[in-house]
Amino acid sequence: MASVQLSGPRVVAAAKPATVGGLLLTPSLAVPTGRRARGLVVRAATVVSPKYTSIKPLGDRVLVKIKTSEAKSEGGILLPVSVQTRPQGGEVVAVGEGRSFGSNSIEISVPVGAQVVYSKYAGTELKFNDADHLILKEDDIIGILDSDDVKDMKPLNDRILIKVAEAEEQTAGGLLLTQATKEKPSVGTVVAVGPGPLGEDGSRNPLRITPGSNVMYSKYAGSEFKGEDGQYIVLRSSDVMAVLTSDSEAYSAIYEM
């Protein structure tokens, strides 16, 4: 799972989670751009000169206009840039010509105008026409989300959208667990799957996991999102370790790539 860990005192910012079309994104620590934070270097965005009027991505790259960060906390307090949550979504404004597999050419599957969610910290940030943009590979785009409901997300390539199971409220002995002591679940129900990864000849290899399956996945994989009806996670199919059956309370098949 994408995260930033810094040594030293913990920094907590009461920032309102960023949204993409109403979808709440899991908050994360933001580091001031262009500064060094105990060994972690964050580069400032590349500023494109006003004399250039357009940007044409090459190959399998996509240009995304980043959705604006939340500038205020829930209490209305203006937040400095250093603690604003970095967005994870935006609008596709230009795409490359695609990829070549021998004599086959595969176009970018994401259309211009689509609202997308992408992997955190992916790509290169650009300042173009007084707006923040990101140029990244198509494979760094998690999915397309044209509505306000995370359940409507369309995962891309080999990614899978899962609704995370709720954490246990009590131990086997009946003791109630506090929020801090609840174990993070790594089990959930598949909501949607991508079309599958591209093979060596450019054809799609459909995923073997199907919507409705209960699965177990790697604990620290994927990108988390908060929906109106619970927690969701999007991860790659290779991060799914097993398919579960509720009647036997044991996995019925190990998912192999």
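Trainee: Which residues does E138 touch, not counting residues up to four places away in sequence?

Mentor: E138 touches D60, V62, I108, S109, V110 and N157. Contact here means heavy atoms within 4.5 Å. This is a predicted model, where local features need pLDDT of at least 70, side-chain atom pairs count only at pLDDT 80 or more, and totals for chains, interfaces and linings use all residues. Residues are numbered from 1 along each chain as its sequence is written, and side-chain values use heavy atoms, with hydrogens and water left out.

Trainee: Where is E138 found?

Mentor: In the loop between β12 and β13 (141-144). Strands are DSSP runs of E with at least two residues, helices are runs of H or I with at least four, and both are numbered from the N terminus.

Trainee: What is the nearest side chain of opposite charge to E138?

Mentor: R204, 4.8 Å away. E138 is buried yet has no salt bridge. Buried means under 20% relative accessible area, exposed is over 50%, and partly exposed falls in between (1.4 Å probe, protein chains only). For charge, Lys and Arg count as positive and Asp and Glu as negative, while His and the chain ends are not counted. A salt bridge needs a side-chain nitrogen of Lys or Arg within 4 Å of a carboxyl oxygen of Asp or Glu.

Trainee: Which side chain joins E138 in a polar contact?

Mentor: That of S109, at 2.4 Å. A polar contact is a pair of N or O atoms within 3.5 Å; within protein, one must be able to donate a hydrogen and the other to accept it, and residues adjacent in sequence count only if both atoms are side-chain atoms.

Trainee: OK, salt bridges. How many does the count come to?

Mentor: The count comes to 7 salt bridges. One of them joins the side chains of D60 and K137, 3.5 Å from N to O. That pair links distant parts of the chain, 77 residues apart: D60 sits in the loop between β5 and β6 (61-66), K137 in strand β12.

Trainee: Is D60 buried or exposed?

Mentor: D60 is buried, with a relative accessible area of 14%. K137 is partly exposed, at 36%.

Trainee: What about K151? Which residue forms a salt bridge with K151 at 3.4 Å?

Mentor: D229, by the closest N and O atoms. D229 lies in the loop between β18 (223-227) and β19 (230-236) and K151 in the loop between β13 and β14, so the pair ties together parts that are 78 residues apart in sequence. D149 also forms a salt bridge with K151, with the closest N and O atoms 3.2 Å apart.

Trainee: Which residues are linked in a network of salt bridges?

Mentor: D149, K151, K163 and D229. D149 is partly exposed at 25% relative accessibility. K151 is partly exposed at 37%, and D229 is partly exposed at 35%.

Trainee: Switching to the fold. How many helices and strands?

Mentor: The protein chain has 0 helices and 21 strands. An open sheet of 8 strands runs β5-β11-β12-β6-β7-β10-β13-β14, with mixed pairing. β5 (46-47) and β14 (154-155) stand at the edges with a single partner strand each, so one side of each has no neighbour in the sheet. Two strands pair if DSSP finds at least two bridges between them.

Trainee: How many bridges join β7 to β10?

Mentor: 3 bridges, and the strands run antiparallel. β7 covers residues 89-95 and β10 residues 115-118. G89 stands opposite V117 in β10.

Trainee: Last one, G196. Where does G196 lie?

Mentor: In the loop between β16 (187-193) and β17 (214-217). G196 counts as buried, at 0% relative accessibility. G196 and D158 are 38 residues apart in sequence, yet 4.5 Å apart in space, C-alpha to C-alpha. Leaving aside neighbours within four places in sequence, G196 is in contact with N157, D158, R204, N205 and L207.

Trainee: And how much of the whole chain counts as buried?

Mentor: 35% of the 257 residues.
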